[in-house]
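I wanted to go through one structure and note what holds its parts against each other. These are my entries, in the order I looked things up.

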Amino acid sequence: MSNKNKDNLFAIEQIILDSSATTQDEAFQELATVAYKAGCIDNIEKLIKALWARENETSTGLEDGFAIPHARIKDIKKPAVIFVRYQTGLQWPTFDNSAVQVAIALIIPTNKQNDIHLEVLSNVAKKLLNPDLRKMLKTETDKAKILALLQAEDEVAASTTENYKGYVLGITACPAGVAHTYMAAKKIEDEAKRLGYAVKVEKQGANGFEDKLTAEDIQNANVLIIAAAVVIGEQERFVGIPILKVAVSEPLHDVDGVFKKALQIMRQLSNQQIPTTKQVKIKKEKGWFKLHFKAGAVSLKNAVLTGISYAVPVIVAGTAIQALITIIIQIAGADYITQHANWLNTLSNVAGKSLSILLAPVLAAYIAYAMADKPGLTPGFLGGLACVYVTKTAADGTVIVDGLGFLGGLITGILVGYMMKLFKKYLVSQKMQGVLTWFVYPVLGSLISMCVILFVIGQPLALLINVIFSGLTTLQTSNLAALLGIIIGMMCVFDLGGPFNKVAWAFSFASFSQAFTGGQLTNPTLLVPYACFWAAGIGTGWTTALVTFIGRRFSNQYEKEAGKMAWILSSLGITEGAIPFALSDPFRVIPSFMLGGAVSGGLCAAFNLGSTITGGGFITMAGMQSTTGALSIGVAILLWLIFAIIGCAISTTLLLGLKYIKTKPVLEQKVQTWTANILSLGIVPAVKKQHLKKFNKLSPSEQEQYLNRKQKRSNPKLER
């Protein structure tokens, strides 16, 4: 028995040569029964449902009378390959419309360390591309010989140094991540070699990324063929390379047509260096949870980036139009514009709605779309729209929450994406698939998403913000003015136009309004929060611009585009211009913004600086004064500007440092360790010390075994 067959993937009892099944229902019933007898599963009906669920996504029928039905669910106790040959051909959707004579079922668990099993099962699927083998499998009557054919390992082709016409890349992916993924890859590889091209195909399957395309591959490739039935991970890698997108099944039945299309869009490269192909064993990561967590994290990141790419035009269009009109109004005067060109105010309001109304729905819709395809689009959009209607009013009538902003759109998109993925997985029916797709998914999904936002998430968040508003009001009457400025500065830059930003603005504006009685300034102290808010807000745009200019090599395209406009927008009081920058790297950008904002806001409050002008950004500076009268107007203006610059400098320096550390894995690991020790108040080192004591109690042989296991887990994948 092969070492790879140590768990009885193949067995004589799992080979049926004279099945009497005449329909797919009967075939799946028989396959599930065989799997049950082989100890693969405890519940026959669950396996039948899983087989049908996979079939409803894409038919597993191939050509020449073969099909590869498969299921990959946690209820499967052990993996298996089941071979069934039918007495009469079954009606089963295939590429050549031929009746299915042989089904090779792949039964795969998800809750085990089964990397080897997946490798064997994918090899079985690729074997069916060999016409001679297919012929033998349809005619051989000896079960032992069929077993040997299925178990035989493919020989590894030796690498050659022949001259190639060019370099073709491919990516394949299917819902289950096993059969079609590897079969399509094999077809693309074989056809490219037949035509005289070097080739490398990345499989995004059940094992995550395999044969991952490197920057060197992409730089030297003439064309990329993406054959997929799911969203491809890390699409941002492929900038500038011609891409042909086809269904994952297309290379299986028309690989010649696929390459004809690919050859038409190939780019010509000078000084092309085709990477040498070497047969190197890939060491797969061990552990189901680690494997799927990492794959899920990458998928989620790509979904968020997809949502950002669609939301950025909304942000840029709305903020740019608002900024232009704001400049005109400041030059001409608000009263003059209202009397003679009020249409500018109307236009500004419409542009503003693109941020307050459209931002969350667009962001949520396209995050959900990237995660769950079309079924996620409508529920995501309506769930995002529900974010707009989450409001909260203070006791005095001040509106402190007027929508959840981009933060709400981000949360909604992720929640809806996962929900619709579950819908697609469990709400399946061969007969009712049209009703599910066009009615149940959009209606039920939208209803649930709206209810979750309006009645589950939105209101508690609004209540929290109301508590914060009340706390700020209480803090203002205390002697902790600097602390109030710090909190306002941090809230201003935390979500850049979202609910926390809005509550800080609402509080500052309400305080500003109460400073006047009958149009006369009667309580200058109440002007301070507004000055703190904008001293912090300016820093977001200027930090964005400086980091993307000074640290260009650390910045991606989204960040660079944001940097071109953000400094102008924040100068005019529009913090939303930094949203693409923050969303691109939130765990580094937002803390950096908050530290700078806290310093700017705290210094303004400590020196009692306030403004008599409600305009945002640098417009606030024109009305700056010392609320205690201790400083002249000129000094107050200069200090406010210095404090804003200090906060910006702190944010910029910290963020550049964090982005530099990101490029140094060893240094980043040390920083993470220090951070964990500080935040855990020493608990992490204590736990490590306890582990060391346990290790020292082991015998020398046990210590060696432990270290060997740890070394195996820490070894990275070997790439070609």
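Entry 1, ground rules. I am working from a predicted model, in which local features need pLDDT of at least 70 and side-chain atom pairs count only at pLDDT 80 or more, while totals for chains, interfaces and linings use all residues. Residues are numbered from 1 along each chain as its sequence is written, and side-chain values use heavy atoms, with hydrogens and water left out.

I took rings of Phe, Tyr and Trp (its six-membered ring) as paired if their centres lie within 6.5 Å; planes under 30 degrees apart are stacked, over 60 edge-to-face, and the rest tilted. By this rule I have 17 aromatic pairs. I looked up Phe607 and Phe643: the ring centres are 5.2 Å apart and the planes at 45 degrees, so the pair is tilted. Phe607 lies in the loop between α20 (586-606) and β15 (609-611), and Phe643 in helix α21 (residues 633-662), so the pair ties together parts 36 residues apart in sequence. Helices (H or I, at least four residues) and strands (E, at least two) are DSSP runs, numbered from the N terminus.

For burial I used relative accessible area: buried is under 20%, exposed over 50%, partly exposed in between (1.4 Å probe, protein chains only). Phe607 is partly exposed at 40%, whereas Phe643 is buried at 5%.

I then checked Phe618 and Trp640, whose ring centres are 6.3 Å apart with planes at 80 degrees, so this pair is edge-to-face. Phe618 sits in the loop between β15 and β16 (624-626) and Trp640 in helix α21, 22 residues apart. Trp640 is buried, with a relative accessible area of 0%; Phe618 is partly exposed, with 24%.

Is β7 enclosed or open? Eight of the eight residues of β7 (residues 198-205) are buried, so the strand is largely enclosed by the rest of the structure. Ala198, Lys200, Glu202 and Gln204 are on one side, and Val199, Val201, Lys203 and Gly205 on the other. In a regular strand the side chains alternate between the two faces of the sheet. I noted that β6 (residues 167-173) pairs with β7 in the parallel sense over six bridges; strands pair if DSSP finds at least two bridges between them. Tyr167 stands opposite Ala198.

I counted a side-chain nitrogen of Lys or Arg within 4 Å of a carboxyl oxygen of Asp or Glu, which gave 13 salt bridges. Two of the β7 residues take part. Lys203 meets Glu189 at 3.8 Å, N to O, and this pair links β7 to helix α6, 14 residues apart. Lys203 is buried at 7%. Arg237 bridges to Glu202, with the closest N and O atoms 2.9 Å apart. Arg237 lies in the loop between β9 (223-228) and β10 (243-246), so the pair ties together parts 35 residues apart in sequence. Both Arg237 and Glu202 are buried.
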